[in-house]
Amino acid sequence: MEDDQKTEITTMKIIKLITPALCAVLTLSVCVASAQAKKKTAAKKKPATAVAKAPPPPPFATDAEIADGKALIAKSDCLACHKTEDKLVGPAYTAVATKYPHDQNSVNTLTDKVISGGSGVWGPVPMAPHPAISKADAIK
């Protein structure tokens, strides 16, 4: 029993010596890791720009108008030449939206082009006229 007590006392002494050392090692490793992370973050930061970016403008069309337009496009032959994101025969819808300002003059111009056809703006391939599409539908 005496040996067990001596072993227990020796174990407690070792634990008392090791515990502060372990705490010191863990503290140092956390500090080093934190310093390295700060260095990486500081290196990745971009310089602040003096001009703040303006918020994007609100959508030119409402969700309902967009849904109506997509339904009309699906019923017509528009998808034979146009895609939403990629150029096919004609320009992508997103390219047209980027090229023209979001105002009523652009809506009128593009409405007339859909109905009457057009050429030369997007390359040599002309857009066929679509006289069967009403002006009201073309505006959508």
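**Entry 1: contacts.** I looked up contacts (heavy atoms within 4.5 Å) and noted that, of those in the chain with a separation of 6 or more, 27% are between residues 24 or more positions apart.

**Entry 2: basis.** I am working from a predicted model, in which local features need pLDDT of at least 70, side-chain atom pairs count only at pLDDT 80 or more, and totals for chains, interfaces and linings use all residues. Residues are numbered from 1 along each chain as its sequence is written, and side-chain values use heavy atoms, with hydrogens and water left out.

**Entry 3: elements.** I found five helices and zero strands in the chain, taking both as DSSP runs numbered from the N terminus (helices H or I, at least four residues; strands E, at least two).

**Entry 4: salt bridge.** I searched for salt bridges (a side-chain nitrogen of Lys or Arg within 4 Å of a carboxyl oxygen of Asp or Glu) and the structure holds one. Lys135 and Asp112 form this contact through their side chains, at 3.6 Å from N to O. Lys135 belongs to helix α5 (residues 135–139) and Asp112 to helix α4 (residues 104–116), so the pair ties together parts 23 residues apart in sequence.

**Entry 5: accessibility.** I recorded Lys135 as partly exposed at 46% relative accessibility, and Asp112 as partly exposed at 38%. Buried means under 20% relative accessible area, exposed over 50%, and partly exposed in between (1.4 Å probe, protein chains only). Buried residues make up 10% of the 140 residues in the chain.

**Entry 6: ring.** I noted the charged end of Lys99 over the ring of Trp122, 4.7 Å from its centre; the criterion is NZ of Lys or CZ of Arg within 6 Å of the ring centre and within 35 degrees of the ring normal.
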